Amino acid sequence: MEIFDIYLLEAVLNGLLLGGLLALLSLGLNLIFGVIDVVWICYAELIMCGMYAVYYLHVQYHWPLYAAMPAAIVIVAMLGVLLHQLVIKPVLAAEPINQLLVTGGVLFFLQAAATLAFGIDFKNLGVSLPAVRIGEMSFSAARLIAFGAAVLGVLGLFVFLRKTYLGTAIRAISQDRAIMPLMGVSPGRIYTLTSALGGALAGLGSCLLVLQYDVHPAIGLSFGPITFLICVMGGLGSMAGGLIAAFVFAQFISVGGFFFAVEWGYVIAFAFFIGMMFVRPQGLFRR
Amino acid sequence: MFLQVSKLTKRFGGFTAVSDVSFEVAEGEILGLIGPNGSGKSTTFNLIAGALKPDAGSVRFRGDEVGGLPAYRVAHAGIGRTYQIPRPFKKLSLLENVALAAFYGANSRLSREKAFELAKDSLKLVGLQETKVEGLGASALKKLELARALATQPKLLLADESLGGLDHAEMDGAADMLARIRAERGVTIVWVEHIMGVLMRVVDRCVVLDHGVVIAQGKPADVAKDAKVIEVYLGTDAFA
């Protein structure tokens, strides 16, 4: 193979790895929107909280990562429930724009609170994972792990939604929320459980991101908007659409970055998004 | 009394949809709730099933007040309900649709096997053999709606049948099915309908609503002779 082809292949594979991670991030947001009909604009800030949780438990309190990470997942799941009970529940019947503004408020609240509590400096785990060489290509082990865990997370959620009653109820309520109570299902309970699940997915995301990136109060802004745009492009609330859009977006970033410069990858990806909104404003799939 | 509705009232703005409606249902009976379109039948149903909160009055089911409870708690109390316009979950399989109702309906946490068994039983009772929701016709969708309500193991079934979209053979079939459901499951039934003829054949008693008020109640034969009922229905095709 020509050296150019090898680098291109490497870029495509790196895009695939990034796509897995973005897919996981979009999944939680889509799940929440699909079931509760509210967009958690502050989703990435929950992830930021999870990253701080892993950092403090591991670095400050010397918990091993295999204990700190599950703990962080539980913490973010509880944050998700808290967010639902305190912020979402009172605006469930409100206009969508108000719901958006309220969760937007939570975004800046969490950012400001994190700055107050943890300071503005970048913190990292100090864990450096080696690069994995395959032939003449090299991949970051952190990315490989993140990809593997993201795929497992996506599959786990899929099995849960298909094979359990709660999962069936969650799929059902996203189709017709008014009829669910007739089956004896309390919508409030399903909403709370879905919030916990969405939070847990954000928690898993934070474990994978903290392996690759430093955590700081504004870290959410680096992947919050992209996660949201992926969900919109896939069709808000459509999990399948979100997964496909995540991989498409990641290829634009990775391969676009390969042909031009890394920053260009993002420019092209977002330009593609804007174009898509003209062609298919409802997203790839409709819920 | 099995079901006791007293002085039930519901207003929408200045419009009183249901006004001081009172009637009783005895255990094991099939009661026809009839009246022309817009007479308040569906609103009464919604008030009993918890889809709407009454402005005044009470609904007592087996001694307990259920008026104003959220719909899922009314379902747990043992009241099942079908909608006039079937609302299946289109992305779930037929069996999943019914099994979901079986699992959550009675609030008893059935095992997966038990719930599916109950779902299959209910589908058999209504005579539905298909596996997919997509492509079901009007008559089959009504059967699915009924199977779903039955799977919650109700003691009282509120059937909003409104057979308007069905032909005569299908209407007769639907009427016979309600009779069969009572015979096999021992379920008490309140049947909402605006076409009187087919209903009169299977119900034990009727309550007739007009403009949100009860204008007559009693045995079908007596109600059909009632002057007020005839006046309300005269000149409409619903009397047939």
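**Entry 1: a strand pair in chain B.** I looked up B:Leu3 and found that this residue stands opposite B:Phe61 in β4(B). The model I am reading is predicted. I then examined the two strands concerned: β1 (residues 3-12) and β4 (residues 56-61) of chain B pair in the antiparallel sense over 5 bridges.

**Entry 2: domains of chain B.** I consulted the domain assignment, which gives domain 1 (1-78 + 156-240) and domain 2 (86-153) for chain B. I noted that their C-alpha centres lie 23 Å apart. How many residues does the contact take from each domain? I recorded 11 residues from domain 1 of chain B and 10 residues from domain 2 of chain B. On the domain 1 side, I found that α2 and α6 (168-185) of chain B each supply at least two residues. The largest share of that side, 6 residues, comes from α6(B).

**Entry 3: chain A against chain B.** I turned to the contact between the chains, which takes 20 residues from chain B and 14 residues from chain A. On the side of chain B that touches chain A, α2 (71-77) and α3 (94-105) of chain B each supply at least two residues. I noted that α3(B) gives the most to this side, with 6 residues. By class, the residues of this side of chain B divide into 11 nonpolar, 4 polar and 5 charged.

**Entry 4: the nonpolar core.** I looked up the largest nonpolar core and found that it has 165 residues. Those with the most contacts inside it include A:Leu22, A:Met48 and B:Trp191. Helix α1 (residues 3-36) of chain A gives the most to this core, with 14 residues. I also recorded that the core draws at least three residues from each of domain 1 and domain 2 of chain B. I checked A:Leu22 separately; among the residues it touches are A:Ile226, A:Ile230 and A:Phe249.

**Entry 5: confidence.** I noted that chain B averages a pLDDT of 87, and 95% of the residues score at least 70. The model scores ipTM 0.71 and pTM 0.83.

Methods:
Residues are numbered from 1 along each chain as its sequence is written. Chains are lettered from A and ligands numbered from 1 in the order in which they are written. This is a predicted model: local features need pLDDT of at least 70, side-chain atom pairs count only at pLDDT 80 or more; totals for chains, interfaces and linings use all residues. A nonpolar core is a set of buried Ala, Val, Leu, Ile, Met, Phe, Trp, Tyr and Cys residues joined through C-beta atoms within 7 Å. A residue is buried if 20 or more other C-beta atoms lie within 10 Å of its own, exposed if 12 or fewer, and partly exposed in between; C-beta atoms are placed from the backbone. Helices (H or I, at least four residues) and strands (E, at least two) are DSSP runs, numbered from the N terminus. Domain bounds come from an automatic or database domain assignment. Two residues are in contact if their C-beta atoms, placed from the backbone, lie within 7 Å. Ala, Val, Leu, Ile, Met, Phe, Trp, Tyr, Cys and Pro count as nonpolar, Asp, Glu, Lys and Arg as charged, and the others, Gly among them, as polar. pLDDT is the predictor's confidence in each residue, from 0 to 100. Two strands pair if DSSP finds at least two bridges between them. Lists of a residue's contacts leave out its neighbours within four places in sequence.
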